Amino acid sequence: MIVEVKGLDGGPPYMVRFDDGHTGLVFPGPDAVVVHK
């Protein structure tokens, strides 16, 4: 789950909370997909 957007205008990098509870800064590649709930 994206919990914070660090880039300009909604762009990457993103602070992401993973299923196991840890968080990390993610710079998604060109093949990444953001799925909205």
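**Basis**

This is a predicted model: local features need pLDDT of at least 70, side-chain atom pairs count only at pLDDT 80 or more, and totals for chains, interfaces and linings use all residues. Residues are numbered from 1 along each chain as its sequence is written, and side-chain values use heavy atoms, leaving out hydrogens and water.

**Overall form**

The chain has 0 helices and 3 strands. Here helices (H or I, at least four residues) and strands (E, at least two) are DSSP runs, numbered from the N terminus. Along the sequence the pattern reads β-β-β. The C-alpha trace spans about 25 × 20 × 20 Å along its principal axes. Of the 37 residues in the chain, 16% are buried; buried means under 20% relative accessible area, exposed over 50%, and partly exposed in between, with a 1.4 Å probe and protein chains only.

UniProt, in an unreviewed entry, places the feature "domain: DUF1918" at residues 2-34. Such annotations may be inferred rather than shown by experiment. Over residues 2-34 the chain is 0% helix and 36% strand. The end C-alpha atoms of that stretch are 9 Å apart.

**The sheet**

The 3 strands form an open, antiparallel sheet in the order β1-β2-β3. The edge strands are β1 (2-5) and β3 (23-26), each pairing on one side only. Two strands pair if DSSP finds at least two bridges between them. Strands of a sheet pair through backbone hydrogen bonds, either parallel or antiparallel.

Strand β2 (residues 14-17) is joined to β3 by 4 bridges. Two residue pairs across β2 and β3 are listed here.

| Residue | Partner in β3 |
|---|---|
| Tyr 14 | Val 26 |

**A look at Gly 7**

Gly 7 lies in the loop between β1 and β2. Is Gly 7 buried or exposed? Gly 7 counts as buried because its relative accessibility is 18%. Not counting residues up to four places away in sequence, Gly 7 touches Pro 12 and Pro 13. Contact means heavy atoms within 4.5 Å. Asp 20 is 13 residues from Gly 7 along the chain, and their C-alpha atoms are separated by 24 Å.

**Contacts along the chain**

Take the contacts between residues at least 6 apart in sequence: 3% of them join residues at least 24 apart.
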